[in-house]
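I have opened a new page for this chain.

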Amino acid sequence: RWAKLVTAELTRRALAAGFLAIPEFQAPRLSAGLTESKIDLVWALPLPAGFAELVSEIRRRCGLPPLADCLLLPVAGFEVENASSKHGHGGLLNLASHAMSGVFVPGTVAAADAAEAAKATYARAYPLATVTIHREFMR
């Protein structure tokens, strides 16, 4: 229930700011064999029509299927996690990979602390400078 309320509030804020709010954003699969990842919520902007047409034409000429989601610019991604878990820590990597800015929204102080520790650990090998741990919605 908490996660749904937080996601609803973040969606409201996205729409108020002029973004598209995309729940369960499916990150584009870049290569066969890689696992697919989803981000709980993404604030996105559509690419300009001319650029979107160019991307579509390049994909067509390369024999690639069209991808509607590659015609969106994921500006901010949100992972909303009730508690600390390995899944949540993997969310930090997804946020850094698939959105310009990533926001980890923990439900508890323990989840926030665990995410901060995971971020510090992963940051040695993976660029996480664009990911923040946001504590506004903690219970």
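**Entry 1: a pair of strands**

I looked up W43 and found that its bridge partner in β3 is A76. I also checked A44, whose bridge partner in β3 is P74. Strands β2 (residues 38-46) and β3 pair in the antiparallel sense, over six bridges. Here, strands are DSSP runs of E with at least two residues, helices are runs of H or I with at least four residues, and both are numbered from the N terminus. Two strands pair if DSSP finds at least two bridges between them. I noted the background too: strands of a sheet pair through backbone hydrogen bonds, either parallel or antiparallel.

**Entry 2: ground rules**

I am reading a predicted model, in which local features need pLDDT of at least 70 and side-chain atom pairs count only at pLDDT 80 or more, while totals for chains, interfaces and linings use all residues. Residues are numbered from 1 along each chain as its sequence is written, and side-chain values use heavy atoms, with hydrogens and water left out.

**Entry 3: the sheet**

In what order do the five strands of the open sheet stand? I read the order as β1-β2-β3-β4-β5, with mixed pairing. The edge strands are β1 (20-26) and β5 (131-133), and each pairs on one side only. The twist averages 25° from one strand to the next.

I then went through the other pairs. β1 and β2 pair in the antiparallel sense over six bridges. Within them, P23 stands opposite L41 in β2. β3 and β4 pair in the parallel sense, again over six bridges. E79 has F104 in β4 as its bridge partner. β4 and β5 are parallel too, with three bridges. There, V103 has T132 in β5 as its bridge partner.

**Entry 4: helices on the sheet**

I counted four helices and five strands in the chain. From the N terminus on, the elements run α-β-β-α-β-α-β-α-β.

Helix α1 (residues 2-16) lies across β1, β2, β3 and β4 (101-106), and runs at about 155° to β3. Helix α4 (residues 109-122) packs on the sheet and touches β4 and β5. The direction of α4 makes about 150° with that of β5. For these angles, axes are lines fitted to C-alpha atoms, for helices over the stretch in contact, and angles run from 0 to 180 degrees between N-to-C directions.

**Entry 5: covered or open**

I looked at burial next. Buried means under 20% relative accessible area, exposed means over 50%, and partly exposed is in between (1.4 Å probe, protein chains only). Of the 139 residues of the chain, 36% count as buried. β4 is mostly covered, with five of its six residues buried.

I also checked contacts, meaning heavy atoms within 4.5 Å. Among contacts between residues at least 6 apart in sequence, 70% join residues at least 24 apart.

**Entry 6: salt bridges**

How many salt bridges does the structure hold? I found six. A salt bridge is a side-chain nitrogen of Lys or Arg within 4 Å of a carboxyl oxygen of Asp or Glu.

R12 forms one with E9, with the closest N and O atoms 2.7 Å apart. R12 and E9 are separated by about one helical turn because they are three residues apart in helix α1. R12 is partly exposed, at 48% relative accessible area.

The side chains of E136 and R13 meet in another salt bridge (2.9 Å, N to O). This pair links distant parts of the chain: E136 is in the segment after β5, R13 is in helix α1, and they are 123 residues apart. E136 is partly exposed at 44%, and R13 is partly exposed at 28%.

R61 and E57 also meet in a salt bridge (2.7 Å, N to O). They are four residues apart in helix α2 (residues 49-61), so about one helical turn separates them. R61 counts as exposed at 65% relative accessibility, whereas E57 is partly exposed at 26%. I noted one network as well: salt bridges that share partners join E9, R12, R13 and E136.
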